[in-house]
Amino acid sequence: MAAHRKPRQRSAGGNTARTAWTIALAGAATATGFDGTGHAEPQLTPAQVKAKVDKLYQEAEVATEKYNGAKEQADAAQQRIRTLQDQAARKTEKLNSAREALGSMAAAQYRDGGLDPALRLALSADPDRYLDGAEFAERAGSRQAASVESVRRQLREIEQLRGAAHIELTSLKSRQAELKRHKKTITGKLDSARDLLTRLTAEEQARLDDRATRSSTGSRDALSAPGSATAQAPNSRAAAAVSYAYAKLGSPYVWGATGPNAFDCSGLTQAAYREAGVSLPRTTYAQIDAGRRVSRSELLPGDLVFFYSSISHVGLYIGNGQMIHAPNPSAPVRVAPLDEMPFAGATRVA
């Protein structure tokens with residue numbers, strides 16, 4: 001008869017130990033990326049960081065131009081609201097004067113209207129004079145009716161102005177909400193770019209900055225003075241715009257800025273032509289349609305040059321394949337080759 005072994009009891013301590021070991025393994029698996037959720041991002045090379053940062057800057061610039069367009073519309077809506085409010089105020093003042101005149105007329109009629117016209121004629125010491133007065137009263141009645149109709153018309157006009165102001169206010173609120181959305185996108189992209197740049201060592205950042213500076217300086221040295229560019233400009237307005245852009249070399253890039261001390265890309269071109277007496281729209285999307293399109297082979301100093309398929313960047317051509325532009329928050333206004341970005345088109349505005 002086989003001996004029966006008594007089952008060995010599992011110790012509580014052993015079970016606890018195995019549980020702890022299982023938890024530790026699970027934690028290690030998570031930390032090492034077994035489930036794909038905690039895997040650390042691989043170390044990027046400086047070139048990869050720069051490529052990612054450049055992409056984020058370009059995406060931020062797309063949002064910046066949308067912000068600029070929404071702000072332009074919001075500013076226009078505010079101006080229209082002020083105009084409508086001024087018109088309503090003037091008409092209300094005129095209406096109050098008309099109402100006062102009607103009130104005076106009504107009070108006079110109340111005072112003089114106690115006697116029947118026939119009895120008034122019988123009691124009158126001068127019937128002819130009374131009849132003249134009756135004829136005058138009839139004419140006055142007609143004037144009163146006209147005054148009442150005028151008041152009604154003014155009331156309708158004021159109501160229409162208030163309705164138009166309400167529509168503009170609704171539009172303004174919509175633009176303001178749009179501004180907030182674009183601002184959030186811009187700041188998010190720029191924050192991400194800054195975070196990426198902090199991964200570089202000081203030496204790596206210095207190398208990237210030095211490379212950009214050498215490119216900019218070399219381009220500017222190729223056109224040592226604005227005179228060589230302004231001399232080739234098609235007219236005095238284009239020459240004045242080029243001179244302004246040269247004077248702003250080194251100014252910081254600030255999104256949404258139009259000068260005089262900081263700029264974004266379309267803010268710089270708008271300010272340059274404003275100085276030349278030419279009014280340009282605020283955004284790259286509108287600026288490209290602000291003049292006559294020209295091919296790359298036809299470019300002359302002062303032409304606006306646009307980049308990316310989204311038409312999200314613009315510079316001012318200065319000749320010899322170079323432009324002055326406001327690149328992004330990491331670089332000031334500078335001279336750069338057209339080949340620095342994908343060329344999309346050009347416009348001659350002056």
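The legends below describe close-up views of a predicted model.

**View 1. Helix H7 and its surroundings.** Helix H7 comprises residues 236-247. Its 12 residues reach 16 Å from the first C-alpha to the last, close to the 16 Å expected at 1.5 Å a residue. Buried residues of the helix are Ala 238, Ala 239, Ala 241, Val 242, Tyr 244, Ala 245 and Tyr 246. The elements covering these buried residues include helices H6 (226-230) and H8 (265-275), together with strands S3 (313-319) and S4 (322-325).

**View 2. The nonpolar cores.** The largest nonpolar core has 52 residues, of which Tyr 273, Leu 304, Leu 316 and Ile 324 touch the most other members. At least two residues of this core come from each of helix H2 (46-112), helix H4 (127-197), H7, H8, strand S2 (304-307) and S3. H2 provides the largest share, 11 residues. A second, separate core contains 10 residues, among them Phe 307, Ala 336, Leu 338 and Met 341. In soluble globular proteins, nonpolar side chains tend to be buried together.

View 3. Lys 50 is joined to Asp 54 by a salt bridge whose closest N and O atoms are 2.8 Å apart. These two residues are 4 residues apart in helix H2 and therefore separated by about one helical turn. Lys 50 is partly exposed, at 34% relative accessibility, and Asp 54 is also partly exposed, at 33%. In helix H4, Glu 178 and Arg 175 are 3 residues apart, again about one helical turn. Their side chains meet in a salt bridge with an N to O distance of 3.0 Å, and both residues are buried. An α-helix has 3.6 residues a turn, so residues three or four places apart point the same way.

View 4. Arg 282 and Asp 264 form a salt bridge in which the closest N and O atoms are 3.0 Å apart. Arg 282 lies in the loop between H8 and helix H9 (284-287), and Asp 264 in the loop between H7 and H8, so the pair ties together parts that are 18 residues apart in sequence. Arg 282 is buried at 8% relative accessibility, and Asp 264 is buried with a relative accessible area of 0%. Elsewhere, salt bridges with shared partners link Lys 55, Glu 59 and Lys 189 into one network.

View 5. Strand S2 is covered on both faces. Leu 304 and Phe 306 are buried on one side, and Val 305 and Phe 307 are buried on the other. S2 pairs with S3 in the antiparallel sense over 4 bridges, with Phe 306 standing opposite Val 314 of S3. S2 also pairs with strand S6 (residues 343-348) in the antiparallel sense, over 4 bridges. Here Leu 304 has Thr 347 as its bridge partner, while Phe 307 is partnered by Phe 343. Strand S1 (residues 292-294) joins S6 through antiparallel pairing over 3 bridges, in which Arg 292 has Arg 348 as its bridge partner.

View 6. In the loop between H7 and H8, which holds Pro 260, a cis peptide bond joins Gly 259 and Pro 260, with omega about 5°. The hairpin of S2 and S3 has 5 residues between the strands, and Tyr 308 takes a positive phi near 70° there. This is a positive value in a residue other than glycine. Tyr 308 is partly exposed, at 21% relative accessibility. In the loop between S3 and S4 lies Asn 320, a residue other than glycine whose phi is also positive, near 60°. Asn 320 is exposed, with a relative accessible area of 53%.

Terms used: Residues numbered from 1 in each chain as written. Predicted model: local features only at pLDDT ≥ 70, side-chain atom pairs only at ≥ 80, totals over all residues. Heavy atoms only, no water. Expected span 1.5 Å × (residues − 1). Buried < 20%, exposed > 50% of the residue type's maximum accessible area, 1.4 Å probe, protein only. Contact = heavy atoms within 4.5 Å. Core = buried A, V, L, I, M, F, W, Y, C linked by side-chain atoms within 4.5 Å. Salt bridge = Lys/Arg side-chain N within 4 Å of Asp/Glu carboxyl O. Pairing = 2+ DSSP bridges.
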